Amino acid sequence: MEQEFPVVLERSPAQADALTLEAWQQGGKWFRYDGHAIFSRMEGQGEDLVLVHGYPTASWDWSRLWPLLVPHHRVLTLDLLGFGFSDKPPHHKYCIEDQADLMQGWLEGLGVCEAHLLVHDYGCSVAQELLAREQEGLLPFRIASVCFLNGALFPEVHRPLLIQKLLVGPMGGLVSRGLSRRTFDSQFRRLFGGRHWPSQAELDDFWQLLTYNNGRGILHRLIRFMEERRCHRNRWVSALLKADQPIKVIYGRSDPISGVAMCRRFQELDANVDSLALRRVGHYPHYEAPVEVFEAYQAFRQQRD
């Protein structure tokens with residue numbers, strides 16, 4: 001059953017407590033994975049809540065939601081390999097399975113026995129791979145619940161932006177290395193729904209994360225996940241539909257690439273899917289409307305506990 005939140009103004013606590021990019025980095029820690037440095041953050045107490053970010057951004061996407069979650073959960077997140085403040089090896093063969101290995105090894109190393117997942121975009125595919133592994137008896141911890149934000153759970157209804165089509169094409173390397181700040185700002189703004197347009201300062205931060213450690217040069221390598229979604233469609237969709245954990249979808253209706261069509265497809269395959277639509281919110285609901293996402297997520301958890 002789909003619900004819809006009315007348009008409301010964001011309350012001030014989320015604004016006042018939002019973490020700057022500098023504070024986000026200073027509050028993090030690095031660990032080694034397969035010889036690479038990975039940036040991570042963890043804070044709070046209680047049940048483990050793991051946040052997995054999307055493409056082409058980083059864990060800082062969660063910075064406006066983070067201060068709302070921390071009083072209620074032990075919140076854990078990282079920059080996946082090739083993203084944000086983590087290493088970005090230029091010739092690495094980036095893939096979802098490798099990122100799932102990273103997440104699995106990190107959580108196992110932390111001694112996590114049970115985790116709730118809150119995931120977005122690229123992170124949705126990582127979560128689907130982890131669900132498949134759990135169903136195969138290959139995961140050393142239990143996934144207690146999954147909340148999906150906007151992401152291409154079903155590749156057949158995904159509508160990539162022009163820049164994404166160019167990056168995944170035969171000239172992707174040139175497009176990646178030649179990506180200008182002006183093009184980035186123009187394409188990135190299209191993903192937002194009007195509730196919270198990114199300011200110039202915020203765009204500066206997103207651009208800094210993307211270009212940090214020569215990240216612009218590997219965008220065409222990272223975006224190969226779009227082809228992976230098609231190749232692994234049956235495995236990942238099957239894992240989603242077979243999951244016995246509580247599943248929630250919170251999504252922005254104004255997302256041009258994976259919003260309404262994604263949720264409708266989910267409802268076609270599972271009429272009982274628990275979903276919530278956010279009006280005038282685009283592809284980044286946790287950044288555009290953190291208070292609404294927090295309230296919807298807490299209601300989901302309380303309902304299921």
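These questions and answers cover the pocket and cavities of a predicted model.

Q: How many cavities of 30 Å³ or more does a search of the whole structure find?
A: The search runs over the whole structure. The cut-off is 30 Å³ or more. The count is 3.

Q: Which helix gives the largest share of the lining of the largest cavity?
A: The largest cavity holds about 210 Å³ of space. Its lining has 17 residues, and Tyr55, Pro56, Ile163, Gln164 and Phe184 are the closest to its centre. Helix 6 (162-168) and helix 8 (181-189) each supply at least two lining residues. The largest share, 4 residues, comes from helix 8.

Q: How many residues in the lining of the largest cavity are charged?
A: By class, 12 lining residues are nonpolar and 4 are polar. The charged class has 1.

Q: Which helices each supply at least two residues of the lining of the second largest cavity?
A: The second largest cavity has a volume of about 40 Å³. Its lining includes Leu209, Leu210, Leu219 and Leu222. Leu209 and Leu210 fall in the range 200-211, and Leu219 and Leu222 in the range 219-222. The helices are helix 9 and helix 10.

Q: Which charged residue lines the second largest cavity?
A: The lining divides into 6 nonpolar, 4 polar and 1 charged. Asp, Glu, Lys and Arg count as charged.

Q: Which residues lie nearest the centre of the largest pocket?
A: This pocket has a volume of about 160 Å³. Its lining of 12 residues divides into 7 nonpolar, 2 polar and 3 charged. Nearest the centre lie Gln245, Ile247, Asp270, Asn272 and Val273.

Terms used. Residues numbered from 1 in each chain as written. Predicted model: local features only at pLDDT ≥ 70, side-chain atom pairs only at ≥ 80, totals over all residues. Heavy atoms only, no water. 1 Å grid on protein atoms, 1.4 Å probe; cavity = no way out; pocket = protein on both sides within 12 Å on 5 of 7 lines; lining within 4 Å. Points joined across faces, edges and corners; volume = space filled by probe spheres on them.
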